[in-house]
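Here is a short report for a reader new to this structure. Take a look at the sequence and the model before reading on.

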Amino acid sequence: MKKISLMGATGSIGMQTLDIIREHPDKFQLVAMSAGRNIEDTRKIINEFRPKLVSVQSEEDAIKIKSENTSSMIVLFGEEGLVEVACQHDADIIVNAVLGSVGLYPTLQAIEAGKDIAIANKETLVIAGHLVMKAAREKGVSILPVDSEHSAIFQCLQGESEKNIEKLIITASGGSFRDRTREDLLGVTVEEALNHPNWSMGAKITIDSATMMNKGLEVLEAHWLFDIPFDKINVLLHRESIIHSMVEFHDSSVMAQLGTPDMRVPIQYALTFPDRFPRKQMSKLNLADIGTLHFEKMDYERFRCLAFAFESGKIGGSMPTVLNAANEAAVDLFLKGKITFLEIEDIIEKSISKHNTIKNPSLDTIRQLDHETRSSIYSL
Ligand code: NDP
Ligand code: MG
């Protein structure tokens, strides 16, 4: 029985992680969970899974939840609560499925507590990959990828030596606006941007897919997870999202991992690694039905956010922190209807172009820069 502590249980990845736990009640147990503001779903999860520890974002909600549960369940809130969920002493593995840079500090604390981490929360690796991977190496902790592309690469690398990698090929569906020109993007609505052709995901990552920033964040994520320089990371447009990513080796052999677009497959693999469990409710890949797969060269002028991410990654230091914070704030403003779709790019470009990078930033520097970058965008 593997005991799971789940950060971000009420989100898209969180709910799909619960599907996996539900499907294998003899193999997995939910011992702790965190949520943000979605109290309705938090109540449902508590009733079904009876975790020992629950954390929510606000004190007010924590008091409500506690008053409704007479059991010995511990209810906490805020960052302190998130850290407790991340370090839950009973847990064999932490699933980090929170959204954004809020996941960084609890992740570092979980590593400090010696917990293996299945990581969906890519922003944490983007802004502090150097701190996370170093701490994980020192503590002998595994960081298991949940993001489908990184799970694909991780699967292709089993039994292989990283020194034989020629390049990583990360596939991109292109998001909701992949067939539009830049002129076509003037005046697009939030609803249109949220309509992803292949994947059903949380709102922020769906917008990131439409701007291609998601792929940019994934390039940075891959750089840290697999210790690969940026000039060995390629991005390929592949509209069907069947090949989740590939690895080319020095001998020109290319390994790929394929599957239907279903995040429960990489989530489960991170939980069962190095084993694989059968899935009951799974749609199997049928290539004969699909018939044809398409590939296109990536256009960095059309998808400027991807170019910003590569540039920021190559500059390194604190630049990816600013890139990420500017993106999180800009996407939030777009979702609230306060800026247009193309203004997301403009805000990110301005933020990174005025930042003088700080080499090897500490946790405090990263947190401060993250805060300052957001504040300057919200006060515009
Ligand atoms: P969602 O927005 O659906 O869920 C985010 C989760 O984090 C929710 O449980 C939310 O709580 C919680 N949360 C948000 N802000 C805070 C906060 N300040 N404090 C505490 N909890 C908070 O996101 P996704 O599940 O789509 O994505 C999660 C992560 O996984 C992201 O980093 C994303 O890039 C990555 N990812 C997602 C994929 C997907 O298919 N969705 C695929 C690959 C990676 P609540 O809702 O209760 O407010
Ligand atoms: Mg992905």
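The report covers the metal site, the ligand shell, a sheet and some backbone details.

This is a predicted model, in which local features need pLDDT of at least 70, side-chain atom pairs count only at pLDDT 80 or more, and totals for chains, interfaces and linings use all residues. Residues are numbered from 1 along each chain as its sequence is written, chains are lettered from A and ligands numbered from 1 in the order in which they are written, and side-chain values use heavy atoms, with hydrogens and water left out.

## The magnesium ion

Ligand 2 is a magnesium ion. Donors here are N, O and S atoms within 2.8 Å of the metal (3.2 Å for Na, K and Ca). Water is not among the atoms, so sites may look incomplete. Along the chain, the donors of the magnesium ion follow the spacing D-x1-E-x68-E. E149 sits in helix 7 (residues 148–156) and E218 in helix 10 (residues 213–226). The pair is 69 residues apart and links distant parts of the chain. Helices (H or I, at least four residues) and strands (E, at least two) are DSSP runs, numbered from the N terminus.

Are these two glutamates buried or exposed? E149 is buried, with a relative accessible area of 8%. E218 is buried too, at 1% relative accessibility. Buried means under 20% relative accessible area, exposed over 50%, and partly exposed in between (1.4 Å probe, protein chains only).

## The shell around ligand 1

There are 24 residues around ligand 1. T10, S12, G36, R37 and E123 come nearest. A residue is near a molecule or strand if one of its heavy atoms lies within 4 Å of it. The shell divides into 11 nonpolar, 9 polar and 4 charged residues. In this count Ala, Val, Leu, Ile, Met, Phe, Trp, Tyr, Cys and Pro are nonpolar, Asp, Glu, Lys and Arg are charged, and the others, Gly among them, are polar.

| Residue and atom | Ligand 1 atom | Distance |
|---|---|---|
| G8, backbone N or O | oxygen | 3.3 Å |
| T10, polar side-chain atom | oxygen | 2.6 Å |
| G36, polar backbone atom | oxygen | 2.9 Å |

Taken alone, ligand 1 exposes 890 Å², and the protein buries 85% of that. These areas come from the Shrake-Rupley method with a 1.4 Å probe; for residues, only the protein chains shown count as cover. Helix 1 (12–23) and helix 6 (122–139) are the elements that give two or more residues to the shell.

One open sheet has 5 strands in the order 11-10-8-9-12, with mixed pairing. Two strands pair if DSSP finds at least two bridges between them. Strand 11 and strand 12 (296–297) are the edges, and each pairs on one side only.

Strand 10 (residues 243–249) is mostly covered, with 7 of its 7 residues buried. Strand 10 runs antiparallel to strand 8 (residues 165–172), and 4 bridges join them. Here I165 stands opposite F249. Strand 10 also runs antiparallel to strand 11 (residues 254–258), joined by 5 bridges. S245 faces Q257 across that pair. Strands 10 and 11 form a hairpin with 4 residues between them. S252 in the turn has a positive phi of about 75°.

Strand 8 and strand 9 (residues 233–237) run parallel, with 5 bridges. In this pair L168 stands opposite I233.

## Backbone details

Most residues other than glycine have a negative phi, and most peptide bonds are trans. The peptide bond from F273 to P274 is cis, with omega near 5°. P274 lies in the loop between helix 11 (264–272) and helix 12 (287–290).

D227 has a positive phi, near 55°. It is placed in the loop between helix 10 and strand 9. D227 is exposed, at 63% relative accessible area. N360 has a positive phi near 45°. N360 belongs to the loop between helix 15 (341–353) and helix 16 (363–378). Its relative accessible area is 60%, so N360 counts as exposed.

Technical notes:
A polar contact is a pair of N or O atoms within 3.5 Å; within protein, one must be able to donate a hydrogen and the other to accept it, and residues adjacent in sequence count only if both atoms are side-chain atoms.
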